[in-house]
Amino acid sequence: MEFEFKSLGSLRGELKVPADKSISHRAVILGSLAKGESVVHNISWGEDVKSTIRCMQQLGAEIVQDKEVTRIRGKGFDGLSEPKDVLNCGNSGTTMRLLAGVAAARPFLTVLTGDESLRRRPMARVVEPLSMMGAIICGRENSRLAPLVIRGGELRGIEYHLKVASAQVKSAILLAALDAEGETIIRENIISRDHTERMLLEMGANLERDQNEIRLRGPCELDGREWRVPGDISSAAFWLVAAAIVPGSEVLVRDVGVNPTRSGVLTVLKNMGAEIRLENYRTVGGEPVADILVKHSGLQPVEIGGSIIPSLIDEIPILAIAMAMASGTSAVSDAGELRTKESDRIAMIVSILNRMGVEAAETPDGFIVHGQGKIPGNCRLSAGGDHRIAMASAVSGLAAEMPVTVEDFNCVGISYPTFLQDLRHLTE
Ligand code: S3P
């Protein structure tokens with residue numbers, strides 16, 4: 001379905017964004033592996049988390065949802081059983097990679113597949129460590145691509161140094177390690193999002209962390225828990241940038257997860273000169289949460305690269321729009337991982353910016369934006385089925401001189417089904 005986005009005046013008011021997608025996936029999976037009931041308040045209603053719930057149910061997990069809470073009757077690893085059909089992870093890389101870790105530890109056959117985008121995304125990064133632990137995994141193109149066929153079994157702990165900064169790979173290994181014999185040691189050069197580690201500690205796992213090293217001694221039992229999922233900073237980022245670039249705006253996003261492994265977008269926007277303030281900072285279920293207030297302000301160009309990249313990897317599409325609205329040259333480097341997301345986000349970002357009349361160019365591991373403090377707009381573009389590209393394009397239209405039409409806007413349902421309602425709320 002196509003939508004036209006144009007200047008609607010300033011954005012003003014308060015809102016809550018959808019629940020954190022990463023934490024929601026993990027609450028469903030860990031709750032199913034625990035012993036006893038887990039209750040999840042405010043789970044994400046996006047398509048990706050629905051994929052995880054459906055796949056876990058096919059694996060035998062008892063998950064009951066009503067509007068307010070999701071209840072999971074966990075029966076431990078042994079409570080799972082061989083699925084009668086293939087598991088369809090839809091568009092969700094997190095579902096596929098985390099479930100590969102779960103399936104690797106089970107003595108039965110699991111087949112994981114996904115949509116066209118997911119079947120193009122790299123899977124060797126999970127196949128390699130899980131095979132080292134003792135699982136038998138095959139996939140297309142020499143086990144680099146899904147569908148993945150997994151015959152799990154008796155696993156042993158491994159020592160593994162992550163080759164890419166990926167929380168999905170780290171989490172897949174940790175999930176398998178829960179049911180493996182002996183210690184698993186994971187080292188990462190840059191600390192990727194650490195929700196799995198935080199949640200495992202809350203659930204009583206034998207896990208220790210020391211800077212870049214994580215140790216988990218298996219097999220270990222998890223206790224069921226009550227979770228309250230905070231708002232997703234990756235969804236909040238669209239309004240943070242929108243309010244920063246549209247004159248006269250002032251927006252308060254309530255109850256946002258501000259885990260330091262996720263909040264690089266705040267650092268970068270502040271460095272660009274955005275007026276952002278965190279209020280009501282607190283800890284909920286082991287995760288830092290705050291309300292974020294942002295006001296319109298002129299933005300400066302910025303260069304980002306190195307260790308901050310994993311903490312804002314999903315926010316780079318919307319940061320590119322902020323860069324277009326800054327006067328001067330901005331650059332992103334060390335972000336080659338963007339090419340392996342729901343789309344090749346480096347190519348997509350540069351292509352949508354160019355269509356909007358903003359000068360930008362690809363580099364192998366990032367891109368350069370020659371911002372002129374304005375976005376001409378007056379274009380029609382496809383988001384390539386990528387939810388974050390679609391929402392970044394929508395926000396560009398709010399600040400552009402002429403409208404921006406996004407052809408396949410319905411893909412925002414992956415993470416933010418209520419995006420248009422929230423836009424209406426802030427612009428009415
Ligand atoms: C996620 C980790 C990130 C992120 C993705 C969600 C997670 O991917 O891009 O949207 O929930 O673990 P990688 O771990 O592959 O970098």
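The legends below describe close-up views of a predicted model, covering a cavity and a strand sheet.

**View 1. Cavities found in the predicted model.** Searching the whole structure gives three cavities of 30 Å³ or more. The largest cavity has a volume of about 60 Å³.

**View 2. Lining of the largest cavity.** Ile 23, Met 199, Trp 227, Arg 228, Val 229, Pro 230, Val 284, Gly 285 and Glu 287 line the largest cavity. Sorted by class, this lining has six nonpolar residues, one polar residue and two charged residues.

**View 3. Placement of the largest cavity relative to the domains.** Domain 1 is made up of 3-19 + 230-427, and domain 2 of 21-228. The largest cavity lies between them, because both domains give residues to its lining.

**View 4. The open sheet of four strands.** The strand order is β4-β5-β3-β15, and the pairing is mixed. At the edges stand β4 (62-65) and β15 (226-228). Each of these two has a single partner strand, so one side of each is left without a neighbour in the sheet. From one strand to the next, the twist averages 15 degrees.

**View 5. Pairing of β3 with β15.** Strands of a sheet pair through backbone hydrogen bonds, in either a parallel or an antiparallel sense. Strand β3, residues 35-41, pairs with β15 in the parallel sense over three bridges. Val 39 has Glu 226 of β15 as its bridge partner. Edge strand β15 spans 226-228, and Trp 227 and Arg 228 are among the residues that line the largest cavity.

Technical notes: Residues numbered from 1 in each chain as written. Predicted model: local features only at pLDDT ≥ 70, side-chain atom pairs only at ≥ 80, totals over all residues. Heavy atoms only, no water. 1 Å grid on protein atoms, 1.4 Å probe; cavity = no way out; pocket = protein on both sides within 12 Å on 5 of 7 lines; lining within 4 Å. Points joined across faces, edges and corners; volume = space filled by probe spheres on them. Nonpolar A, V, L, I, M, F, W, Y, C, P; charged D, E, K, R; others polar. Domains from an automatic or database assignment. Pairing = 2+ DSSP bridges. Axes fitted to C-alpha atoms, helices over the stretch in contact; angles between N-to-C directions.
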